[in-house]
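Dear colleague,

I am passing on the structure we spoke about, and I would be grateful if you could look through it before reading my notes. The findings follow below it.

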Amino acid sequence: MIPLLLLFAIGGLMQAARTYTATGGASATELAFGFLLLTAYFAARVVNQIGLPKLTGYLLAGVIGGPFVLELVTREMTDSLKIVNGVATCILGLTAGAELNLKRVKPVASTLRGIVIFGVLGVIAVLAGVLYLIRPMLPMFNGMEGTGAIAVCVLFAVALTPQSPAVVMAILSETRADGPLSQICLAAVVVADLVVVLCYAIAAAVTAGILGGGVDAVELATSVGWELFGSMIFGIAIGMLVGQFVRSVPRGAAMFALLICVVVAQVASRVHLDPLIVMLAAGIWLENFSRADTSALLESFESAQLPVFLVWFALSGTQLDIVQLWEGIVPVLILAAARAGWFAIGTRIACALTGAPPAVTKHSWIGLVPQAGLSLALIVTIRSNFPSFGGEAAVMILSLLGVNVLVSPVLLRSALIRSGEAGQKHAADFAAHG
Amino acid sequence: MNTLLALKVIGGLVALLVLAYLGGHRRVVRFQERLGVSGVITAGFPFVALGLIASRPSVGILGPEVIDRLRPVLQFGLGWLGFIIGAQLDIRVLDRVPKGTAYLILLEALGPFAITAAGCGAVMVAFDLSWWDPGVWRDVFLLAAAAAMTAPRKFRGFANRTWHEGRGVDVLLGQLDELVGVIGLLFITAYFRDTTSTTWALPSTAWIFISLGLGVAIGILIFAMVRVPVSNAEFLAVVLGGIAFASGLAGYLYLSPIVICFIAGVLVTNFPNEQRDSIFKILHHLERPVQLLFLIIAGAVWKPDDWRGWVLAPLFVAGRMLGKYAGVLASKTAVGALLPAGFADDRQLATPMSGLSIALVISVQSLSADAGLPWVVTAVIGGAILNELVVQRTTRQVASVPDGAVLPIAEAPARAYEPIDELDDRSGGYVGPIYADEESRPVQRGPRASAPAKRGRWR
């Protein structure tokens, strides 16, 4: 009851302030940050009381307070908070990487490989086929025929595929889950995102070539190689730097790592590196190869990351245009069903072939369903690189993301509870109580 | 912005952040104390200077675009400062201060306020500003409010100043002094408002009530919110969100985040609650990064090129000292009999300036702009440095006086510290050092503690 009353009070104050002036300058940014942080937190408390994951509350706070429903947070405000997105991606990369213990992942490597081949690459093919079939329902394909249409379908399918390590991490933390299913879900989404980044770079270059005439294979290989391997090398260097800092300056390492995240969030994209891959590599290095004891660093990082994640998920919620989602609901539901359906089939084939435990076979597909960070990044890219159809594609991706991001946390939480892995982790996590 | 410039900017920001962090490192703080630079201004001045250098066009790290992006951090810093100052004002302690202290504080604050306002105001008008311009009055009041506040001689962070039994009385008096600045800012933001792009048409006085009401509403909200979290991570999120929301709301309404958050802070810690210690823990945890980042940005928005600001700086310091002198004289005359023996005598002519003084001028500068404001910022920052030099010098001079004189802080032995609530019960003269170490020390009983004070300038 108290969280609900607090939500009304915060909303009332925000609404009152918004009537004073249309532009608030720097204060508007800070106001939006505080508003989203508090409403996400208290909305999570409310939804948690009715058995839903806290993540759903974070997202709902953004959807309801955002520019498409109550408009307490405007588009200008959300734009000014973009830095939070970048920093959150980096924090997530670092913590997700540090969760990936290669010794623990090694026994399930064959399953992981199978999931990537059958699940992730398979879903790209399936979605491309579905898109080709339903293209009369999508205005963006008007006047597009033959090879061009196929290329756009493939590109669009790749952009619809990404997973969300953030959502998986948040749900694992909230449920304190640990075990084979948790490990495979986390590893699968991380690896799948890397594969999608690679596939998107290739698909975008090929599509641009087909639509605009000619593909420069050398340039394509160089740019993909730089983005992927450059990010990994840069990430390992950062991992070594943080490790050295932890070893030589025991106190303040969390602050140092946070500063690194801010820098990588700002620098990486400007030099065509992927911030997620950079920080993932850094985290994997710290967990598996560094001699530094990073457990204290990660523990203190956990308390610092909650505010960033609350705002980040709420910001993701503000992107969801309910009206547009409703208008395009039929193709969106078809695509959502095809995507989730193939993940279920593909992962089961992979698990059956590699002899995975029953819980992994039954539930691991759910870990691939959530979407968030990479999808949002691809929306920006596709919109700027393909202005002729990028705008409509972005709307469709956002709508699909909206459906998945609202539904999948509930499914994933339920799967972790049913598999018996919830509550198996004893360390305190950022979203956990107590 | 091209990639090279972006990298330059980000590299510079990182360097500043790392420096800000290192500046807060315990070893660096100890080194500063050994050098005798432990006041808030001198300890923080390297960071103000860093910000100033980084904002020079030739360096180009903190250019106008970057400063604009960092303004939310500045706003948050102001709100955080207001909240922490308010949160430390334990109203129950006020009952324990010696009789007449309130008058002493009031007159000590009004003296510098009036003399600085008169002196600096006259010079500003001589610099071709018009008395008929409301902005000039605002700038004069701002300078005067900045002059009125004092700080404990040894500054160990805002989050570390809560007065408790056995702690130096100057900590408490400094907190009460800061009230003058907050109230001054409340009036400045109410009566000197830019209302060109707003929809509410209210008389200026109404803004005082809106400020008070908003502060109370936010205070109640934060008070209710901090009862919900069940882990440290959640608690951090709620406190951070509460201060960001409060200062954002204040800035959005063209009010000062310092004032709104101050009122909220007072309410949150003075209502009975079990979360008080946890709040201070969080505030203390964030103190150095927030404060030093704030100083860097303050340095970046400072425009010291205009010589007229530098002319005002020594006037500001002189007006402040003269005002202090007049204030103590007046208080001795008016309420001297009420005060404990030697209490007024121990007041110092040269007192360190509160860190809130800089925050005050930066807060107003972030809300409005005119020709005189850059001078005011220069006068306050430059005056703070000059003032600190005077304080250091007078401290050393007094320290050389044998037989119980005020010793430099770092060298002060564990001398008598009497809880403030015992002052009234004491038969002898006041012996608790007005300006000395903030650390809590055991009360010494016996001949030394009861010896009459021989310190101070006001004899």
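**What was found**

Chain B has 15 helices and zero strands. Please keep in mind throughout that this is a predicted model. Buried residues make up 53% of the 459 residues in chain B, and of the contacts in this chain with a separation of 6 or more, 83% are between residues 24 or more positions apart.

Even so, α4(B) bends by about 45° at B:L70, with a proline, B:P72, following within four residues. This helix is also mostly covered, since 17 of its 24 residues are buried.

In chain A, helix α7(A), residues 109-134, can be checked in a similar way: its 26 residues should span 38 Å at 1.5 Å a residue, and its end C-alpha atoms are 36 Å apart, which agrees. A bend of about 30° is found in α7(A) at A:G122.

As for A:A40, if its neighbours within four places in sequence are left aside, its contacts are A:G57, A:Y58, A:A61, A:L310, A:V311, A:F313 and A:A314.

With best wishes

How values were computed
Residues numbered from 1 in each chain as written. Chains lettered and ligands numbered in written order. Predicted model: local features only at pLDDT ≥ 70, side-chain atom pairs only at ≥ 80, totals over all residues. Bend = angle between axes of the 7 residues up to and from the residue. Helix = DSSP H or I, 4+ residues; strand = E, 2+ residues; numbered from the N terminus. Buried ≥ 20, exposed ≤ 12 C-beta atoms within 10 Å, placed from the backbone. Contact = placed C-beta atoms within 7 Å. Expected span 1.5 Å × (residues − 1).
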